[in-house]
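This note is intended for a colleague who is opening the model for the first time. The numbered points below may be read beside the display.

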Amino acid sequence: MHVRLHRLLPALGLSLVAACSSDGPTGPIETPLPATLQVGDLVRLNVNGVDACTNGIYHVARVEAIGGKSIILADTLNPKNGFTTTDYQRYAAKFDTLIYPLDEGAFGAATDIDNNGRVGIVFTRAVNELTAAGSLEYVGGFTFSRDLFPRVGTSRFQACETSNQGEFFYALAPDPTGVVNGNTRTAGFVDSATVPVLAHELQHLINASRRLYVNTAADSLEATWLDEGLAHIAEELLFYRESGTLPRTNLNVTALRARAAIVDAFNADMIGNAGRYQRHLQDPAATSPYSSDDSLSTRGAAWNWLRYLADQKLSGVTRNPAAATELVGPGSVSVQGGATGAEYYATLVNSGTKEDVTTGYTISASNVIPPLASISPIGAATLSRAAVALGSAAPALQRDVRFESRLRSTERALMPIRRAHAREWYRSAIGRVEAPQGGRYSVSAAPIASPDGDIWFRLANSTKKGMVNLQAVFAVDAGVAVSDWGASHAVDDVSALVGEQFLQKSWDWHSLYPAICKQGSTCFYPLTVRTMTAGIPYSGTILSGGSTHFKLAVPAGGTATLTVASSTAGAASLRLEIVRTK
């Protein structure tokens, strides 16, 4: 008995081609996929997710459904008893009416280099094969910009011989009995995993295709940390759309538990972002939003920093230097206890904007007393509507970020040596110019307007990359912005005294993390904040973009002095933000 896709929209009212026999050719059709493709046609394509332009692995896939913006294909070698025809039709409906217009509205339209007006979505066992037997990680799907390059080269330029020459996404196939590497993948699991992965990977496809053929002054693909941060923003936007909530509403546990639909959307679309950001909070000194390692913690930090920056900009926040007592570089700074005493959070940030620079520090304080107890780290699983936190006792599978990191690195090696030929081929063979935002020759739907305006579109369509791109779009000093964001980890939503520049306006994580908990665990906010003792030095290292956190109190009528020392390179990038909370 097949499992129905409970999360997908019904296909009623959509112009989907019914699954039926095709009168097309008996042999498999080669890519690029023609616009005349019909349900039932067989297509031969390269499903290799490791090698870019060599070692093609060719499988034959059957066209299962054709939507307005999607072609759904199933590998003929997939394990038995997977999705039904109705399931595939619902995927086409979901992609056409939600995922594609959502991403297009935020990031722009994907190109249409195969001129069929659609994105190919291939459910293939080749994705399952990328996960080793018994692994607690899995590959949920991917796009590969290899497919955006032409197959035939010239005497001057290299081609990509194994390209499928079109816009494609490769998805996990249901495997209810674990035929592939012994890893069971139920239809329900594949359903819940694939939808947010589609939104995530579609951002990569849009970003790469537009940098290659639309925004042609770009000489490379986007920096990996920013590309991944935007892809995780796509998952967050999917949550807002499916839950009926909006950014900049400081969602807390009460708001999320208000309706079952919000809980379901959070667990489906946002639990990944929550887990990745949690990893950054658990070790913020050693992780960063712009580290080159493309780790889970880097992705969580990149997503959260982008969300913070967008919310600050769209809320019209003007940075107030008086909102904190600041120290830039080594030195000393004092804070007052006032008439009744005061409590402070002190965040020391490595505000350097160059990737992977580690700076040593020593910080100490005089005339301080202990405040309230420090906050402790915990683990996370899923959100429940119940008043107490519930989760799965079994370890949850995590997406294999190392696979995607290797894939993104492979893609970035393609662009410099093949972009000139690709653009020459596009001008001559395709003979048209892509419109900047959709248009006749892009895969363009009626876009869903982004709740964040054109912020994400500007980032995804810049010819700049990485930190230069980010600073241009947000018009900020990135070193100052990452320092204020670092302080927000500790002080957001903890006190009415905290200035707006230290607030995360979309999410109240101090409320949410205690509710996102593994069954049987004691749950707290996952940031370690050390309580300072007078005269005790605290030493360590901080990665550029990272932070370390302290808490202190000053007695009534007293003055506390905090001193930062460093003899390592990059000491001038150390920035201390001291925020009064009581």
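1. Basis of the note. The model is predicted, so local features are given at pLDDT of at least 70 and side-chain atom pairs at pLDDT 80 or more, while totals for chains, interfaces and linings use all residues. Residues are numbered from 1 along each chain as its sequence is written, and side-chain values rest on heavy atoms, with hydrogens and water left out.

2. An open sheet of seven strands has the order 1-2-3-4-6-9-8, with mixed pairing. Its edge strands are strand 1 (29-30) and strand 8 (141-142), each of which pairs on one side only. Helices (H or I, at least four residues) and strands (E, at least two) are DSSP runs, numbered from the N terminus, and two strands pair if DSSP finds at least two bridges between them. Strands of a sheet pair through backbone hydrogen bonds, either parallel or antiparallel. Strand 8 and strand 9 (residues 168-171) pair in the antiparallel sense over two bridges, and Phe 142 has Tyr 170 in strand 9 as its bridge partner.

3. Helices on the sheet. Helix 3 packs on the sheet and touches strand 6, strand 8 and strand 9, its direction making about 150° with that of strand 9. Helix 1 (residues 85-107) lies across strand 3 (58-66), strand 4 (70-75) and strand 6 (119-123), and runs at about 145° to strand 4. Contact here means heavy atoms within 4.5 Å. Axes are lines fitted to C-alpha atoms, for helices over the stretch in contact, and angles run from 0 to 180 degrees between N-to-C directions.

4. Cavities. On a 1 Å grid over the protein atoms alone, a cavity is a set of points where a 1.4 Å probe fits but cannot get out, whereas a pocket is an open set with protein on both sides within 12 Å along at least five of seven lines; lining residues have an atom within 4 Å of a point. Grid points are joined across faces, edges and corners, and a volume is the space filled by probe spheres set on the points. By this rule there are two cavities of 30 Å³ or more. The largest cavity holds about 40 Å³ of space, and its lining includes Phe 95, Val 119, Thr 143, Phe 168 and Leu 202. Strand 9 and helix 3 are the elements that give two or more residues to this lining, and the largest share, four residues, comes from helix 3. The lining of the largest cavity divides into seven nonpolar, one polar and one charged residue. Here Ala, Val, Leu, Ile, Met, Phe, Trp, Tyr, Cys and Pro count as nonpolar, Asp, Glu, Lys and Arg as charged, and the others, Gly among them, as polar. The second largest cavity is lined by Asn 128, Thr 131, Leu 172, Val 180, Asn 183 and Arg 185, which divide into two nonpolar, three polar and one charged.

5. Leu 202. This residue is found in helix 3 (residues 187-213) and is one of those that line the largest cavity. Is Leu 202 buried or exposed? Leu 202 counts as buried because its relative accessible area is 3%; buried means under 20% relative accessible area, exposed over 50%, and partly exposed in between (1.4 Å probe, protein chains only). Leaving aside residues up to four places away in sequence, Leu 202 touches Phe 95, Ile 99, Tyr 100 and Asp 103. Leu 202 and Val 119 are 83 residues apart in sequence and 9.4 Å apart in space, C-alpha to C-alpha.

6. The second largest pocket. About 270 Å³ of space lies in this pocket. It is lined by 14 residues, of which Gln 312, Val 317, Arg 319, Val 476 and Ala 481 lie nearest its centre. Helix 7 (296-314) and helix 11 (478-491) are the elements that give two or more residues to the lining, and helix 7 gives the most, with four. The lining divides into seven nonpolar, three polar and four charged residues.

7. Backbone details. The peptide bond from Thr 31 to Pro 32 is cis, with omega near 5°, and Pro 32 is found in the loop between strand 1 and strand 2 (42-46). Gln 165 has a positive phi of about 50° although it is not a glycine; Gln 165 lies in the loop between strand 8 and strand 9 and is buried, at 13% relative accessible area. Asn 250, also not a glycine, has a positive phi of about 45°. Asn 250 lies in the loop between helix 4 (224-243) and helix 5 (253-256) and is partly exposed, at 26%.
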